[in-house]
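Notebook open, viewer loaded. I'm jotting down what I look up as I go.

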Amino acid sequence: MDDPAPRPARSAFPWLVGASQVVGLAAVVLTGVWMGHYHGGFAWDGSGREFNLHPLCMVLGLVFLQGDAILVYRVFRNEAKRNVKILHGVIHLLVLIISIIGVVAVFDNHRASKIPDMYSLHSWCGMATLVLFCVQWVMGLLFFLFPVASSWLRASYLPVHAFCGLALLVMAIGSSLLGITEKLLFSIMPTYSLFVSEGVLANILGLLLVCFGVLLGYLITREEYRRPPQPEEESLSVHFKTLTEGGSPSSP
């Protein structure tokens, strides 16, 4: 089947994908530089250096890798759907593992430092994002990777699953921005307004996260970048239409 996307859109696609990866990786690197250079690096000892793993893991996992997991359906748009599903699920598993490490790190540090947990807006939004991400991942396994649901349920849930994926990326970026602001206010509140280097670096990190979200949102929502229908997807669509409009689905 010929790709229906206009030629200018096709030619812009790899540049937009490349730009998203450069921006996303820059955000991860800048987070590492912020925590490494200004806050002493990383460790697993209950100290502030263990806390430093939290922002790095969340930016790497819930933002950058989660965005890439969604993007694989655009990048590998002509590959077998089953293979792309597996890649999508594996990347999301990495997101889950990295994010759990990040959350355990911050709770461990709070426990060792006698700091209360879950009182800030950042912590509420971040925990809601992680819990909903876990639900979304389990639902994806049950509906698509190892489908136990009927074709009708899968077809009904697919647009919800796609919307929730993009919504969770927005929530992760929003939670990260709240976390950046909270960390700066705790660390350099007396000098933040003086444009000190740490504050400028963290602000640039926030802008990079916003740019990453905008680029991913554009790539994901543009109709001409969508995956062209494959035989298995057309079969599912026909099955859904038949069940909703009456009659019985024809045999493949």
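Started at Ala-19, which is found in helix α1; helices here are DSSP runs of H or I with at least four residues, strands are runs of E with at least two, and both are numbered from the N terminus. I got a relative accessible area of 29% for Ala-19, so it is partly exposed. My cut-offs: buried is under 20% relative accessible area, exposed is over 50%, and partly exposed is in between, with a 1.4 Å probe and protein chains only. I also checked Ala-19 against Leu-216: they sit 197 residues apart in sequence, with 9.9 Å from C-alpha to C-alpha.

Housekeeping before I forget. This is a predicted model, where local features need pLDDT of at least 70 and side-chain atom pairs count only at pLDDT 80 or more, while totals for chains, interfaces and linings use all residues. Residues are numbered from 1 along each chain as its sequence is written, and side-chain values use heavy atoms, with hydrogens and water left out.

Overall fold next. I count 8 helices and 0 strands, which reads α-α-α-α-α-α-α-α along the sequence. Of the 252 residues, 45% count as buried. I then looked at contacts (heavy atoms within 4.5 Å): among those between residues at least 6 apart in sequence, 74% join residues at least 24 apart.

Which residues have the most contacts inside the largest nonpolar core? They are Trp-34, Ile-180, Leu-205 and Leu-209, in a core of 47 residues. Such a core is a set of buried Ala, Val, Leu, Ile, Met, Phe, Trp, Tyr and Cys residues joined through side-chain atoms within 4.5 Å. At least two core residues come from each of α1, α3, α4, α5, α6 and α7 (197-221). The most come from α3, with 12 residues.

I clicked on Leu-205 and skipped its neighbours within four places in sequence; what remains in contact is Ala-27, Leu-30, Thr-31, Trp-34 and Ile-180. Then Gly-206, which lies in helix α7. Gly-206 counts as buried because its relative accessibility is 8%.

On to the rings. My pairing rule takes rings of Phe, Tyr and Trp (its six-membered ring) with centres within 6.5 Å; planes under 30 degrees apart are stacked, over 60 edge-to-face, the rest tilted. That rule gives 6 aromatic pairs. Phe-13 and Tyr-225 have ring centres 5.0 Å apart and planes at 50°, so I logged the pair as tilted. This pair links distant parts of the chain, 212 residues apart: Phe-13 is in helix α1 and Tyr-225 in the loop between α7 and α8 (231-245). Both Phe-13 and Tyr-225 are buried.

Phe-144 with Tyr-157 is stacked, because the centres are 6.0 Å apart and the planes are at 15°. Phe-144 lies in helix α5 and Tyr-157 in helix α6, so this pair ties together parts 13 residues apart in sequence. Phe-144 and Tyr-157 are both buried. I also found one aromatic cluster formed by Phe-13, Tyr-218 and Tyr-225.

How big is the second largest pocket in volume? About 730 Å³. Its 37 lining residues include Phe-51, His-54, Val-106, His-122 and Glu-182, the closest to its centre. The elements giving two or more residues to this lining are α1 (7-39), α2 (48-51), α3 (53-75), α4 (81-113), α5 (121-145) and α6 (151-188). The biggest share is from α6, with 8 residues. For the pocket itself I used a 1 Å grid over the protein atoms alone: an open set of points with protein on both sides within 12 Å along at least five of seven lines, a 1.4 Å probe, and lining residues with an atom within 4 Å of a point. Grid points are joined across faces, edges and corners, and the volume is the space filled by probe spheres set on the points. The lining splits into 20 nonpolar, 14 polar and 3 charged residues, where Ala, Val, Leu, Ile, Met, Phe, Trp, Tyr, Cys and Pro are nonpolar, Asp, Glu, Lys and Arg charged, and the others, Gly among them, polar.

Met-118 has a positive phi of about 55° although it is not a glycine, and it is found in the loop between α4 and α5. Met-118 is partly exposed at 33% relative accessibility. Phe-195, also not a glycine, has a positive phi near 60° and sits in the loop between α6 and α7. With a relative accessible area of 71%, Phe-195 is exposed.
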